[in-house]
Amino acid sequence: MMEYKLPKVILGKAFKAETHIIVGSPATLLKNILEEMGCAVMMWDPHVDSKMPKFGPSVFLIGTKHQEFADFKFPKGSVVIDPWRYIPDQDEVQVIRVGE
C-alpha cells in the first residue's frame with residue numbers, strides 16, 4: 001500500500017454538488033473515519049466556507065463534485081483522488097481517477 005506523507009485535504013463538505021447543505025455528507029463521514037484512525041484531515045468547500053485556506057502540496061480527495069474543482073489549480077507536487085473522473089491533468093500534479 002502506498003503511503004503519502006503529504007497533508008490530507010478533502011475538497012467539498014456538501015452532501016451533493018452545487019449545494020451548501022452538509023447534513024448526510026459522505027465527505028464528512030470519511031473525514032470522521034480517517035480522524036478516528038489517527039489521520040489529520042482538512043476540509044474546504046466553496047459553497048460552505050467563506051475563505052479558501054492556503055494549500056501547499058497535499059493529497060486532495062474530491063469529496064463533492066462541485067464544478068469549481070474542475071478549474072482548481074492544485075499546488076505542484078500534489079496528488080488528487082478524483083472519484084468522478086472530471087479533474088483535468090495539471091503539470092506536476094498526479095491525478096488518480098477512480099475506476100480508470
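Predicted model: local features only at pLDDT ≥ 70, side-chain atom pairs only at ≥ 80, totals over all residues.

Student: Which residues touch the most other members of the largest nonpolar core?

Tutor: Ile62 is one of them, together with Leu11, Phe69, Phe74, Val80 and Ile87, in a core of 15 residues. Two elements, β1 and β3, each give two or more residues to this core. Another core lies apart from it, with five residues, including Ile10, Ala27, Val41 and Met43.

Student: Now the sheet, please. How do strands hold on to each other, and what is the order here?

Tutor: In general, strands of a sheet pair through backbone hydrogen bonds, in either a parallel or an antiparallel way. Here five strands form an open sheet in the order β2-β1-β3-β4-β5, and the pairing is parallel. The edges are β2 (41–44) and β5 (94–97); each has a single partner strand, so one side of each has no neighbour in the sheet. On average, neighbouring strands are turned by 20 degrees against each other, direction ignored.

Student: How many bridges join β4 and β5?

Tutor: Four: β4 (residues 79–82) pairs with β5 in the parallel sense. Look for Val80, which stands opposite Val95 in β5.

Student: And where does helix α1 lie?

Tutor: Helix α1 (residues 26–36) lies across β1 (8–11), β2 and β3 (59–62). Compare directions too: α1 runs at about 165 degrees to β2.

Conventions: Residues numbered from 1 in each chain as written. Heavy atoms only, no water. Pairing = 2+ DSSP bridges. Axes fitted to C-alpha atoms, helices over the stretch in contact; angles between N-to-C directions. Contact = heavy atoms within 4.5 Å. Core = buried A, V, L, I, M, F, W, Y, C linked by side-chain atoms within 4.5 Å. Buried < 20%, exposed > 50% of the residue type's maximum accessible area, 1.4 Å probe, protein only.
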